[in-house]
Amino acid sequence: MIAANAPDPTLRARALAYLQAALGPDTQLTRLEPLGGGACQEIWRVEVRLADGAERALVIRGDPAVALPGSLGRREEHEVINAAVAAGAPTPAARWLTEGLLRPGAWAYTMALLPGVTLGAKVTRDAALAGAREKAPTQLAEALTAIHTVTPDRVTLPLPVPKDPVAASLDALRESMERLPCARPAQAAGLAWLLKNRPPPGEITLVHGDFRTGNLLFEPEGLTGVLDWEFAHWGSPLEDLGWLCVRDWRFGALDRAVGGLCRRAPFVEAYTAASGRAVSAQELTFWEVYGNLRWAAGAILQGQRVLVGPERDLELLAIPWRAAEMEYEALRLIARQAQTPTSAP
Amino acid sequence: MRPPPDNVAVLAAVATFLAKELRVEDPAQAFRVKVAAHLLGGVARGLKVGEALDEQAMGLLAMLLNEDAPEGPLAAEDRARRLHDQQARLSARVLAGDVPPDDETLLQGLRALLASELALSNPRFDLDDQVGEP
């Protein structure tokens with residue numbers, strides 16, 4: 001059955017040929033429809049029937065017409081995902097990289113469509129997922145640990161290796177802030193504080209770059225998948241920890257700082273146990289402040305973007321207003337650290 | 001002059017209708033209806049108290065910049081221009097290191113500034129210092 005909003009017949013024929021090349025000449029394409037997802041992705045939901053009658057649910061992810069600044073193309077993302085899979089990260093493998101399937105010049109790959117829930121409000125509050133939230137500190141820590149075992153001295157990826165990962169992240173933040181339509185003094189104060197309180201460069205690992213509630217797939221048994229790798233980069237592993245604690249990912253569960261799933265202490269403890277990395281409260285605060293500012297600037301820039309389709313206009317309009325929330329949280333964290341006696345140099 | 005309801009009352013009523021009364025089956029559509037209600041609510045609050053909050057923000061920024069507040073009320077366009085200018089100058093000053101980023105007066109003033117912005121965009125935002133702690 002083909003949905004009412006099915007693509008043009010040319011795409012259907014191309015998709016069928018692509019899938020038959022990958023899965024066998026007798027493969028049938030039983031479903032092909034756009035999947036609502038990130039605004040910066042072109043995603044198709046696919047169902048196939050194999051020669052032996054088995055059904056498979058898949059997702060084809062392709063390069064969008066307009067990519068978000070700083071995001072990877074599918075070709076690079078494909079390599080990053082498979083490096084993470086090889087390192088044991090719970091993420092579906094990216095298969096059958098191809099060019100021109102969805103649009104001339106656009107790369108695409110396919111992955112298994114996993115069951116589960118990503119929606120923030122459900123993940124943080126649905127009673128059916130209470131068991132998953134209980135396991136969250138350990139499972140999030142183990143997933144991040146696996147990702148952070150991928151290092152540039154052991155794995156070659158099509159990503160620039162920074163000399164100083166902290167400086168590179170701060171440069172990226174400054175560049176975002178310079179593109180804002182109006183200066184935001186709270187962000188300026190936040191950046192100045194980050195520059196003043198920066199930790200030493202430290203180690204460089206693969207950083208997922210958008211590891212947060214909304215991009216994590218849960219079933220009642222626990223975390224089943226880490227999705228959306230388009231912001232992956234070489235950087236400081238602790239950047240991923242701070243990003244997960246950004247206030248916007250708590251979806252009303254404000255007391256659970258770690259993505260609305262759990263408190264900081266058990267998560268950091270589990271991460272240290274799994275990875276062997278000690279994480280001080282100061283370092284976590286540094287990367288939390290960084291994450292909140294990155295999203296504050298990003299939220300304003302998202303509203304500035306050329307809108308990709310009429311069905312997303314409304315959401316993009318509402319996003320810039322959230323910037324003040326993350327700015328407030330960044331300043332709250334800074335004021336709190338200033339009051340903590342152990343933060344004295 | 002047109003009889004009541006005024007613009008604020010109409011927007012608030014439509015926002016309430018969208019948020020509380022309208023039943024939409026499709027979850028994606030239902031989410032977008034919520035976003036629409038949120039946006040209209042923000043516009044209604046802006047019409048009602050935006051001017052007063054702008055005045056408050058200009059006062060706070062003048063205090064942080066150590067300069068005099070403007071005399072008398074400004075027209076909407078002049079307010080926007082002045083706020084834009086004040087924010088740019090304060091940002092430049094902070095980044096140049098003229099004010100330490102953890103200066104208590106600066107942090108308090110900026111948080112008050114953001115609180116007045118949040119009163120428009122998200123009045124339910126929890127300003128409590130202990131949110132998410134420990």
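**Interface between chains A and B**

Chain B and chain A bury about 3500 Å² between them, 64% of it on carbon and sulfur atoms; buried area is the accessible area (1.4 Å probe) that two parts lose on being put together, summed over both. The model is predicted: local features need pLDDT of at least 70, side-chain atom pairs count only at pLDDT 80 or more, and totals for chains, interfaces and linings use all residues. Residues are numbered from 1 along each chain as its sequence is written, chains are lettered from A in the order in which they are written, and side-chain values use heavy atoms, with hydrogens and water left out.

At the interface, 37 residues of chain B are in contact (heavy atoms within 4.5 Å) with 37 residues of chain A. Between the chains there are 5 salt bridges, each a side-chain nitrogen of Lys or Arg within 4 Å of a carboxyl oxygen of Asp or Glu. A:Arg184 forms a salt bridge with B:Glu117, with the closest N and O atoms 3.0 Å apart. On the side of chain B that touches chain A, α2 (27-65), α3 (76-95) and α4 (104-121) each supply at least two residues, helices being DSSP runs of H or I with at least four residues. The most comes from α2(B), with 9 residues.

Two cis peptide bonds may be noted in chain B. One runs from B:Pro4 to B:Pro5, with omega near 5°, and B:Pro5 is found in the segment before α1 (7-21). The other joins B:Glu133 and B:Pro134, with omega about -5°; B:Pro134 is placed in the segment after α4.
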